[in-house]
Amino acid sequence: MKILANVLFDESHANAWSIRPGMPERMNPANPGDASYQQAAELLRHRGHDVTPQVEGHFTDEVLAPYDVLVLAHPSEPAWERTTWLGSPLLTADEIDVVERWVRGGGGLVVLGECDQDKYGNNLNDLLARFGVRIITTTVQDLHNHQGVATWVLGELVPHPILADEDVLAGVSGACFYRAGVIEAADAQVLARTSRTADPAGLPLAVTVEPDAGRVAVFADSDLFGDDSIADYSQSELWANTVAWAAGGRMDGRAVDTRSADVADDPAWRALKASVSALRSGQAKDGSVDADLMDASAAADLVAQIVACTRQLAARFPYDEGYLTQVCTDLERWAADGFGVPDFLDSLLQFRPDLQRVDGREHLVLFPMYTQNGNPNRNFEALLIRVMWPSWLAEVEQGGYDNPMFVPITFIDFTEGYDTHSAVLFPETVAVREVPRFSWGGIFCDREAARFRTVSTAAAETLRLAVPPDAARLLGNQDLAQGTFALWDLVHDRTHSHGDLPFDPFMIKQRMPFWMYALEELRCDLNAFRSTLALEADGQAHARLVRFAIVFDRLFRFPITGNRVRNYDGLGGQLLFSYLHRAGVLHWTDNALSLDWVRLPGAVVDLCDEVERLYHDGIDRSKVGHWMAAHEFVSRYVPAHPASVWAQGITALPHQEEPRKMVDEVLPDEFPLNVFYEALKRKLGDVVESAAGITGAAA
């Protein structure tokens with residue numbers, strides 16, 4: 001399943017490595033692993049790349065156009081290496097021009113050279129000269145080596161500059177270069193160099209450069225990613241990071257088409273939207289028409305226009321015929337009854353997007369409703385939405401993550417109530433005469449993804465956090481982020497009804513302290529994080545990206561979004577920050593944030609275990625006892641306000657009164673922000689607010 005880059009692996013220039021089944025056995029029958037990059041290719045596919053070998057022909061503009069990354073793996077005259085026997089190791093002058101042009105236009109080039117670079121009969125250095133790089137012929141030797149072999153040198157990894165935006169060495173703790181040369185480069189970022197005890201000492205073994213819009217990575221050894229070596233040290237992570245980094249020049253910033261055909265440009269839609277906007281201006285908080293704001297005749301005219309436009313647009317949505325017919329009936333009845341509190345129960349029951357989870361299916365949605373985290377009044381809203389249900393997501397749901405109520409959606413267009421922080425479409429928000437049993441919930445993955453990308457990118461820049469390359473691709477690509485959030489939401493939403501549950505705040509409508517909701521949302525995210533480890537092992541390419549999304553959104557956006565009055569999402573982020581900080585996985589030093597990417601997954605799972613134990617033990621407690629245990633748990637990581645009554649224990653609380661009296665003793669900001677978040681909120685407050693109504697089209 002390709003979600004990241006299209007990678008072209010060259011085998012048309014007498015290369016010493018192949019990714020094709022059977023070819024390494026032909027090239028080197030005695031040791032196929034010494035001629036195979038098949039494991040390297042499979043690792044990339046597992047991470048979501050599409051990998052294709054080029055077995056014939058020259059590089060042309062047309063050949064390279066579909067690809068994001070080109071890998072040139074050690075071309076050689078057959079006299080020196082066992083090769084693919086295809087073509088010449090020499091790139092033609094035209095090919096060099098084509099590759100340079102493609103790279104400078106945004107392409108990613110990965111070049112794998114060798115120690116005796118000059119003898120192999122290729123002209124990789126002629127190509128690399130276009131980017132200020134040269135592979136120098138030599139054979140590095142060092143006492144600091146692998147398995148006592150002097151020419152199997154352990155590269156000295158060069159820490160990434162703290163101001164960099166992504167780190168190719170994230171999660172890489174070591175790499176061995178087998179019979180390596182060295183690299184000469186003017187303006188390059190060195191990834192690894194020879195040690196001080198090596199001969200030659202202190203020279204680059206691997207570098208990256210960024211010519212114009214493109215990216216080039218060069219290694220002075222090609223064996224380190226071969227089948228017989230890629231599992232050594234952290235070489236597999238270095239390989240995956242390198243290709244993901246190289247893809248950034250073409251992947252980042254790709255536009256996402258959030259509208260289909262001409263539905264948003266249909267005059268009937270524009271007229272409907274305008275009429276709804278006008279009607280909203282005359283509505284009171286409960287949805288009725290306020291006579292002081294709008295007279296009945298004006299409201300009647302607007303309703304008539306809305307009904308006419310809806311009927312005109314209905315032909316575009318034949319699968320919603322029953323709903324659209326009923327919503328017109330509900331509108332006309334509301335007008336006939338004098339524009340009191342609206343009741344759209346009948347049309348709400350007819351609208352069943354959960355039964356139409358078809359990728360790309362569009363709906364016209366028209367209801368009097370409030371918008372969660374948006375407009376608190378039950379004004380009319382009109383939306384054009386599109387269902388996001390790709391086959392891979394359907395397969396995940398069918399494979400053990402069943403969630404029939406979950407409907408991932410994206411915006412096409414909307415009225416004012418959704419020009420807010422709201423990213424959900426819930427039937428609970430619609431004005432109805434009685435509360436029915438709800439069967440669906442819509443989540444706008446495009447808005448979630450766009451807000452995440454905007455705030456997380458700004459946070460990483462502000463905090464000088466260098467992120468792994470695949471995380472950088474997530475931040476840079478809206479389409480990738482939307483798929484990631486769809487998977488996250490699917491698993492998170494399902495978790496609310498699974499596990500040891502001493503309470504279920506979203507099914508049992510009971511008043512309780514806000515930190516209980518904070519723990520429930522955090523529990524679902526932590527379990528989603530844990531689930532992605534298994535999903536990734538099964539080959540789900542979005543799973544790894546979900547982990548980045550959970551950590552970044554929780555750490556950066558949630559704690560500084562909204563006010564501080566019982567901000568339960570913010571509290572969950574604060575708790576995760578403190579837990580990782582105390583575990584030594586997160587560091588805030590010299591005004592820069594860093595994360596230990598290797599230890600991060602284990603630490604998040606450990607926190608998940610602690611929360612699950614709290615829930616498990618809560619089954620044996622009273623309701624109030626569980627509230628107090630939860631307060632104590634949160635306070636362990638996020639200190640309560642010094643004036644907190646709850647922190648003083650049961651003797652300070654009105655425990656002889658009904659439980660809701662205890663809830664009244666909760667401070668508006670029971671768990672204040674720490675100094676890190678106070679500073680971050682000052683720096684990013686405008687960014688968070690600007691991202692409120694953003695959609696995929698604007699990201």
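**Close-up views of a predicted model**

**View 1. Asp590 counts as exposed, with 64% relative accessibility.** Exposed means over 50% relative accessible area, buried under 20%, and partly exposed in between (1.4 Å probe, protein chains only). The model is predicted, so local features need pLDDT of at least 70 and side-chain atom pairs pLDDT 80 or more, while totals for chains, interfaces and linings use all residues. Residues are numbered from 1 along each chain as its sequence is written, and side-chain values use heavy atoms, without hydrogens or water. Asp590 sits in the loop between strand S19 (586–589) and strand S20 (592–595). Helices (DSSP H or I, at least four residues) and strands (E, at least two) are numbered from the N terminus. The phi of Asp590 is positive, near 55°, although Asp590 is not a glycine. Most residues other than glycine have a negative phi.

**View 2. Arg179 also has a positive phi, of about 55°.** Arg179 is not a glycine either. Look for Arg179 in the loop between strand S9 (176–178) and strand S10 (182–185). Is Arg179 exposed, partly exposed or buried? Arg179 is partly exposed, because its relative accessible area is 39%.

**View 3. A cis peptide bond runs from Asp199 to Pro200.** Its omega is near -5°. Pro200 belongs to the loop that links strand S11 (189–193) and strand S12 (204–209). Most peptide bonds are trans.

**View 4. Helix H13 (residues 445–463) packs with helix H17 (residues 542–557).** The two helices meet at an angle of about 70°, and their axes are 10 Å apart. H13 is therefore roughly perpendicular to H17. Roughly perpendicular covers angles of 65 to 115 degrees. H13 passes H17 in a left-handed crossing. From H13, the residues in contact are Arg451, Phe452, Val455, Ser456, Ala459 and Leu463. From H17, they are Phe548, Ala549, Phe552, Asp553, Phe556 and Arg557. Contact means heavy atoms within 4.5 Å. Sorted by class, this H13–H17 contact has eight nonpolar, one polar and three charged residues.

**View 5. Gln350 is located in helix H11 (residues 345–350).** Gln350 is partly exposed, because its relative accessibility is 43%. Which residues does Gln350 touch, not counting those up to four places away in sequence? The partners of Gln350 are Gly322, Tyr323 and Gln326. Gln350 and Gly22 are 328 residues apart in sequence. In space, these two lie 57 Å apart, C-alpha to C-alpha.

**View 6. Glu612 belongs to helix H19 (residues 600–618).** Is Glu612 buried or exposed? Glu612 counts as buried, because its relative accessibility is 18%. Glu612 is in contact with Arg523 and Asn527, leaving aside neighbours within four places in sequence.

**View 7. The largest nonpolar core has 198 residues.** Such a core is a set of buried Ala, Val, Leu, Ile, Met, Phe, Trp, Tyr and Cys residues joined through side-chain atoms within 4.5 Å. Phe177, Phe219, Trp239 and Phe552 touch the most other members. Helix H16 (residues 514–537) gives the most to this core, with 11 residues. Another core, of 28 residues, lies apart from the largest one. Its members include Leu70, Ile96, Trp102 and Val111.

**View 8. Trp239 is in contact with Tyr37, Ala40, Leu43, Leu44, Val71, Val110, Phe225 and Ile230.** Neighbours within four places in sequence are left aside here. Trp239 is one of the residues that touch the most other members of the largest nonpolar core.

Technical notes: Axes fitted to C-alpha atoms, helices over the stretch in contact; angles between N-to-C directions. Parallel < 35°, antiparallel > 145°, perpendicular 65-115°, else oblique. Left-handed = near helix turned anticlockwise from the far one by under 90°. Nonpolar A, V, L, I, M, F, W, Y, C, P; charged D, E, K, R; others polar.
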